[in-house]
Amino acid sequence: MSKDVPLLDTTRKVVIIGAGPVGCLAAIAFAKMNWQVHIYEARPDLRLSSSKAAAQQRSINLAISSRGIAALRAVDASAAERFLQTVIPMRGRMIHDRDGNLQSQPYDRDGQCINSIDRALLNVELLEEASALPNIRLTFKHKVLSADFDQRVLFLRDGDSGADIRVNFDLCIGADGSYSIIRRQLMRVVRMNFQQEYIPHEYIELKMPAGHDEHGNPAFLLDPNHLHIWPRHSFMLIALPNKDKTFTCTLFAPTVEFDRLITREDILLWFKNHFPDALSLLGEDKLLKDFEKNPRSPLITTKLTPYHYKDRCVILGDAAHSMVPFYGQGLNCGLEDVRVLLTLLQEECVVPSRTMPNSGDPESDPMDQRLFKALSRYSASRHEDVVAICELAMDNYVEMRHSVTTPAYIMKKALDHLLFSLTARGPTLGDSLSRIAFPTVNPRGWLPLYTMVTFRPDIGYATARRKAAKQDIILATIARLGTVGVCATGFYITWTALRWMQKAKMMF
């Protein structure tokens, strides 16, 4: 290796691999705890104009909800408020049927919403926040080659010069996405249970252009305060609004369905059959160009445990748990990872000094027991929540592409919200989310699953799923009783009618 990056002083250094939203938020959190923070990213700086075109190729929009916002606020409240100025609130789903009819389905009785935000814009804002802190150093176009966690050394390659460099660290954080190099290196030193699944569906990004109002100014072609869904049983199209009055659309479909769309005529005919109203808004020429330019991308779920090694490495975000995007929780869960880790570090009183707690000599006792305990608690406690949301996300695909149109689903949701309005009360959290991972261990009252997952960051994903399962049993019981009641009423009416007819015959 040709170059060594030295440690500067007695303040411990955390090296973060990946400069996406999760990596940047982790960097800001550790910097505010007075660690030295070095971020290494394999790609070019997203803030450069040459990088932005590539960033626009896929996954442009994100839906940030209460969990992600709570994480941003826990790390930097003022920055979180600035980010929220750039979002577009979406207060419900707008369902588009095959005939072009619309049905609004609000997310929450109190008007709470999820928020559409441009992925690149959020990432750039977080990069700016990180670069403004004096103890954060950002380095781009540096790819990790390997890691020696026992020696606390990373080996990277400079993308510009081709030189190999050696980087020392006290703690390494892998936030380098679904195909994480840090995760692969971690597998060499821990007994990691790892499961990866590609579902037989893919997606492609499309763009709906802006329209014009009566004054010729850009205007939305659809209501911007809804997440628009065209459910078609085995596939669906969705649309999220952008600040420039356009919509980012995503088509999710089985791979075999995409494989049939070979020619331009195939694509147009398929859209005319399944999404005629969307086609008129997308425009035929623009649709065909997007199909040619934008890649078909796979959908992957990754589950693993543990997430750490000793006191030296931990992985966060997609590196630890890729999930399908159908609950809109991929980003939110990743940002929440940072908040949860932060609360555990605070509870264990982890300090940035290289002089380890409970040890006067780091050489004789290199293990920071407090940091080791915090990371161990993170792996143990976070796994159940991560598995829960990965599975809920997959379940929600069926709901979005099909169930939302069925009478049974609509009736269940109506009952769900009725019971919610009669029993539930909102929590008073204050700043507790910056100190406690999940303050509400036993949620009271009736709470719809979507409300718990999306709008209640004080409730863990696994707790939400357990509570929803109990409520589903109650709903099923109510449905059965209702069916019995209807049958009994029908039997009574039939029996009464037969008796009346018998009497009538006797009279005649």
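**Helix packing and a cavity**

Analyst: This is a predicted model. Helix 3 and helix 11 are oblique to each other, because their axes cross at roughly 40 degrees.

User: Which residues do helix 3 and helix 11 cover, and within what distance do their axes come?

Analyst: Helix 3 covers residues 66-75 and helix 11 covers residues 330-347. Their axes come within 8 Å.

User: Left-handed or right-handed crossing?

Analyst: The crossing of helix 3 and helix 11 is left-handed.

User: Which residues meet there?

Analyst: From helix 3, Arg-67, Gly-68, Ala-70, Ala-71, Leu-72, Ala-74 and Val-75. They meet Asn-332, Leu-335, Glu-336, Val-338, Arg-339 and Leu-342 of helix 11. By type, the residues of this contact are eight nonpolar, two polar and three charged.

User: Switching topic. How many cavities of 30 Å³ or more are there?

Analyst: The structure has one of 30 Å³ or more. The volume of the largest cavity is about 40 Å³.

User: What lines the largest cavity?

Analyst: Its lining consists of Leu-25, Ile-28, Leu-72, Val-75, Asp-76, Ala-79, Phe-83, Leu-126 and Glu-129. Leu-72 and Val-75 also belong to the helix 3 side of the contact with helix 11.

User: Which elements give two or more residues to that lining?

Analyst: Helix 1 (21-32), helix 3, helix 4 (77-84) and helix 5 (119-131).

Note on methods: Residues numbered from 1 in each chain as written. Predicted model: local features only at pLDDT ≥ 70, side-chain atom pairs only at ≥ 80, totals over all residues. Heavy atoms only, no water. Axes fitted to C-alpha atoms, helices over the stretch in contact; angles between N-to-C directions. Helix = DSSP H or I, 4+ residues; strand = E, 2+ residues; numbered from the N terminus. Parallel < 35°, antiparallel > 145°, perpendicular 65-115°, else oblique. Left-handed = near helix turned anticlockwise from the far one by under 90°. Contact = heavy atoms within 4.5 Å. Nonpolar A, V, L, I, M, F, W, Y, C, P; charged D, E, K, R; others polar. 1 Å grid on protein atoms, 1.4 Å probe; cavity = no way out; pocket = protein on both sides within 12 Å on 5 of 7 lines; lining within 4 Å. Points joined across faces, edges and corners; volume = space filled by probe spheres on them.
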